[in-house]
Amino acid sequence: MNFYSLKKKAQNVSFKDAVIKGLAPDKGLYFPEKITPLPKDFFNHIEYFSNEEIAFEVIKQFVGDEIPETALKEIIIETLNFDFPIVKINDNIATLELFHGPTMAFKDVGARFMARCLAYFNKQENTKKVTVLVATSGDTGGAVASGFLGVRGVDVVILYPSGKVSDVQEKQLTTLGNNIKALEVEGTFDDCQKMVKKAFLDSDLISTKNLTSANSINVARWLPQMFYFFFAYKQLKSKHRNLVFSIPSGNFGNICAGIMAQQLGLPVKQFIASTNVNDIVPNYLKTGKYTPKLSKQTISNAMDVGNPSNFVRILEIYNNDISTLKKHLSSYSFTDNETREAMKELKQKYNYIADPHGAVGYLGLKKYLTKNNAQGIFLETAHPVKFLDVVEPVINETIAIPKQIKEVIDKQKVSIKISKYNELKQFLLVK
Ligand SMILES: *Cc1c(COP(=O)(O)O)cnc(C)c1O
């Protein structure tokens, strides 16, 4: 399978090159040349397949013959070594919990899959050592650190804004050591992001280093997110028709993977993109104008994105036709106060503790269901313990700390403070 750049000014590349490059040389996102729906029989018998078997059927056409079947199956087994349960909230609402992985956010699946693909390519001769450079506002850094720990031939450099990630998140990305380095940037997430972008354009660096990104622009992080939607369908298909998914969205990678799953034939009635006040996409669907803005800080901080990178992929799937897009995608935005009320309601009415991102998903779903008849699933993208300072005062209860978090919380933080781009550049050059 080849991938083309959405800017259409770069050469088409193989899966391997798309993973190693991250972004095309013309700065476009890579997109598969062809999407072939899976056979009807697969959907009719999906309940007899294990999660690993489902994932293999879903991803194999995109990987093509660049990773042999046995190696790809091995990668999938190692990626998916935790559960993806559906929890019933009421008669027509359920949640799909995606936080049972090592860092307790859904990004674990994409990070683990991408790390293992890179490790496989590195075993082949004539592949240079790869440096994964990533900026994080919180969850990405931890998932990437954990997913890439100990992967041979790969160095990971994580930039995070000093004092602006939660304690748990900081420990997750600064305590692992080995091939993982954390740079603590005096500045905001936007400053980290700018430095990373500058590095990808710096000819001194790209002539000597194999730099790649581990954000959802990378196809190996983005595409495995299709699995979740199949796992949900497998669990619910005997009971329900008319499934709709509400996805708490920031960079729109997760929801775009859901729409890809639908392109593969998964029966989904509607997708709902639920956002916080960073409402670029809801506004676009309302007005037809796409207006990126500076991001605003909210309590669902992993969705504080003012120009969602993956939205161009969604537009590509719908041939840039907004009227077709509107038929398949609804989008609503919510304030922090509404999000807190939703967390309270979920706890008081249904005894369910949601994190702020999941709560936004719940709100979007509820809004859609006031006018439509369907079975709704909202994705719970992180464990509430990752946002203790927000969740505990709202539900008025303390949350038990799971073992994955206990393991990191007492470890010693190791980071290197930087404030200027040149410090990043020197760090990368001497590595
Ligand atoms: C990253 C993240 C999101 C947003 O996902 P996108 O793919 O960027 O839309 C939502 N919730 C949590 C907890 C996240 O970490």
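## A buried pair: D202 and K425

In this predicted model, D202 and K425 are both buried. The two residues form a salt bridge, with 3.2 Å between the closest N and O atoms. D202 sits in the loop between α8 (189-201) and α9 (203-206) and K425 in helix α20 (residues 421-430), so this pair ties together parts that are 223 residues apart in sequence.

## Other salt bridges

Let's look further along the chain. The structure holds 17 salt bridges, including one between K386 and D139, whose closest N and O atoms are 2.7 Å apart. Because K386 lies in the loop between β13 (375-380) and α18 (388-395) while D139 belongs to helix α6 (residues 139-148), the pair joins parts 247 residues apart in sequence. K386 counts as buried at 1% relative accessibility, and D139 is buried too, at 6%.

K347 and E397 also meet in a salt bridge, at 3.3 Å from N to O. K347 is in helix α16 (residues 336-350) and E397 in the loop between α18 and α19 (403-409), 50 residues apart. Here K347 is buried, with 16% relative accessibility, whereas E397 is partly exposed at 35%.

## An enclosed space

How many cavities of 30 Å³ or more does a search of the whole structure find? There is one, and the largest cavity has a volume of about 40 Å³.

Among the residues lining the largest cavity are F252, D279, I280 and M303. By class, its lining has seven nonpolar, four polar and one charged residues. Helix α13 (residues 280-287) gives the most to this lining, with three residues.

Technical notes:
Residues are numbered from 1 along each chain as its sequence is written. This is a predicted model: local features need pLDDT of at least 70, side-chain atom pairs count only at pLDDT 80 or more; totals for chains, interfaces and linings use all residues. Side-chain values use heavy atoms; hydrogens and water are left out. On a 1 Å grid over the protein atoms alone, a cavity is a set of points where a 1.4 Å probe fits but cannot get out, and a pocket is an open set with protein on both sides within 12 Å along at least five of seven lines; lining residues have an atom within 4 Å of a point. Grid points are joined across faces, edges and corners, and a volume is the space filled by probe spheres set on the points. Helices (H or I, at least four residues) and strands (E, at least two) are DSSP runs, numbered from the N terminus. Ala, Val, Leu, Ile, Met, Phe, Trp, Tyr, Cys and Pro count as nonpolar, Asp, Glu, Lys and Arg as charged, and the others, Gly among them, as polar. A salt bridge is a side-chain nitrogen of Lys or Arg within 4 Å of a carboxyl oxygen of Asp or Glu. Buried means under 20% relative accessible area, exposed over 50%, partly exposed in between (1.4 Å probe, protein chains only).
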